[in-house]
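Here are some exercises to work through with the model open beside you. Try each task before reading its solution.

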Amino acid sequence: MINRLRVLRAERSWSQAELAERLGVSRQTVNAIETEKYDPSLPLAFRIARTFGLAIEEIFQPDGASADTD
Amino acid sequence: MRLGEMCAGERPALWRHPYFAMVLMIAAMAGAVAVVRALEPSRGARLGLGVLPVAAAAYLLWTMVRWVRTMDELQRKIQAESLALAYSGAILVVIALSYLHKAGFHLPLGWEDALPALAALYALSTLYTTARYQ
């Protein structure tokens, strides 16, 4: 899964620690999601989307998203 | 890996942290064995010394359960993978020791060495698994 978490966080000038606090997870988890080493659970993905005021699919996309939609 | 980074919510005090409890349990086991061997205490004292590591192990389990409950989903995944690695490693070590024993190599190891070895394997696998997600 690919995501725009780092970009969205940077747009709001939030640190990883700040975002982690808003989401109720560790900074390590935010970092692992940003570097795409870990895919969040659906409840956490919803929390992330709600935190940024976006829909889940505006933040997360499957790896072959562009190829699938062609 | 720092202790404080492991917990998303409540951060346990050092004395309630499983790493501390693990050290305590190893010390209790080693201490009880050493005292029994060195002092040859009475039957009642031996019973107390025999139960001491069990109490320490129960304390370790209590701190583990509390610790896991404070973790977020990635940290729980890391712990689950670490436990799987540690137990797999422990089984490999047991098989290796068994075949070494059959081949005539009698290593001076007993059941009292199993838990500290498992704890060491668990610590190593936690470091490895944590690094995978950094």
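**Exercise 1: The fold of chain B**

Chain B has four helices and zero strands, where helices (H or I, at least four residues) and strands (E, at least two) are DSSP runs numbered from the N terminus. This is a predicted model, in which local features need pLDDT of at least 70, side-chain atom pairs count only at pLDDT 80 or more, and totals for chains, interfaces and linings use all residues. Residues are numbered from 1 along each chain as its sequence is written, while chains are lettered from A and ligands numbered from 1 in the order in which they are written.

Task: describe the pattern, span and burial of chain B.

Solution. Begin with the order of elements: along the sequence, chain B reads α-α-α-α. Next, take the span of its C-alpha trace along the principal axes, about 45 × 40 × 20 Å. Then turn to burial: 18% of the 134 residues of chain B count as buried. Here a residue is buried if 20 or more other C-beta atoms lie within 10 Å of its own, exposed if 12 or fewer, and partly exposed in between, with C-beta atoms placed from the backbone.

**Exercise 2: Two helix pairs in chain B**

Task: work out how H1(B) and H2(B) are oriented to each other, then do likewise for H3(B) and H4(B).

Solution. Start with helix H1 (residues 18-39) and helix H2 (residues 43-69) of chain B, whose axes are 9 Å apart at an angle of about 170°. Axes are lines fitted to C-alpha atoms, for helices over the stretch in contact, and angles run from 0 to 180 degrees between N-to-C directions. H1(B) and H2(B) are therefore roughly antiparallel. Angles under 35 degrees count as roughly parallel, over 145 as roughly antiparallel, 65 to 115 as roughly perpendicular and the rest as oblique. By class, their contact has 19 nonpolar, two polar and one charged residues. Two residues are in contact if their C-beta atoms, placed from the backbone, lie within 7 Å. Ala, Val, Leu, Ile, Met, Phe, Trp, Tyr, Cys and Pro count as nonpolar, Asp, Glu, Lys and Arg as charged, and the others, Gly among them, as polar.

Now for the second pair: the axes of helix H3 (residues 73-102) and helix H4 (residues 114-132) of chain B come within 8 Å and cross at roughly 135°. That makes H3(B) oblique to H4(B). The contact of H3(B) with H4(B) has 10 nonpolar, six polar and one charged residues. Among the residues that meet are B:Leu85 and B:Ala86 in H3(B), and B:Leu121 and B:Tyr122 in H4(B).

**Exercise 3: One residue up close**

Task: is B:Ala114 buried, partly exposed or exposed?

Solution. First locate B:Ala114, in helix H4 of chain B. B:Ala114 has 13 other C-beta atoms within 10 Å, so it is partly exposed.
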